[in-house]
Amino acid sequence: MRYLLGAGYRVIPVRPRDCDEVLGVPFVASLAEIDEPIDLVDVFRRPEYTPDVAREAVAAGAKALWLQLGVVSDEARRIAEDAGLDYVENECTAIVHRHL
């Protein structure tokens with residue numbers, strides 16, 4: 001998140017508990033609370049949680065689902081791709097962005 005903020009992206013952290021903000025940015029408890037278009041849902045969760053995140057991303061109208069380095073889920077991929085979302089897994093947004 002720090003890298004994406006530094007690169008000029010608007011980032012809204014989604015955390016169901018634990019804190020009020022992340023890196024000074026207020027968090028929301030779910031994607032459904034975001035009242036603006038969502039370009040990318042960047043997921044830092046264990047694989048068993050990603051199908052639910054994929055469903056939430058679809059319901060929120062997100063354009064893409066990105067599972068971070070080390071996170072792979074056939075079910076999340078199917079959910080996202082069936083709904084027309086772009087899908088990336090097992091990649092770090094910061095590493096990929098730096099190479100672009």
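Is T93 buried or exposed? Keep that in mind for point 4.

1. A word on the model. This is a predicted model, where local features need pLDDT of at least 70, side-chain atom pairs count only at pLDDT 80 or more, and totals for chains, interfaces and linings use all residues. Residues are numbered from 1 along each chain as its sequence is written, and side-chain values use heavy atoms, with hydrogens and water left out.

2. The layout. You'll find four helices and five strands in the chain, in the order α-β-β-β-α-β-α-β-α. (Helices are DSSP runs of H or I with at least four residues, strands are runs of E with at least two, and both are numbered from the N terminus.) The C-alpha trace spans about 35 × 30 × 25 Å along its principal axes.

3. The core. The largest nonpolar core has 18 residues, and V41, A57, L65 and L67 have the most contacts inside it. At least two residues each come from β3 (41-43), α2 (50-59), β4 (64-67) and α3 (74-82). (Such a core is a set of buried Ala, Val, Leu, Ile, Met, Phe, Trp, Tyr and Cys residues joined through side-chain atoms within 4.5 Å.) Beyond its neighbours within four places in sequence, A57 is in contact (heavy atoms within 4.5 Å) with L31, V41, A62, L65 and L85.

4. Back to T93. T93 is buried, with a relative accessible area of 8%; the cut-off is under 20%, with exposed over 50% and partly exposed in between, using a 1.4 Å probe and protein chains only. T93 sits in helix α4 (residues 93-99). Leaving out residues up to four places away in sequence, T93 touches L4, L40, D42, W66 and Q68.
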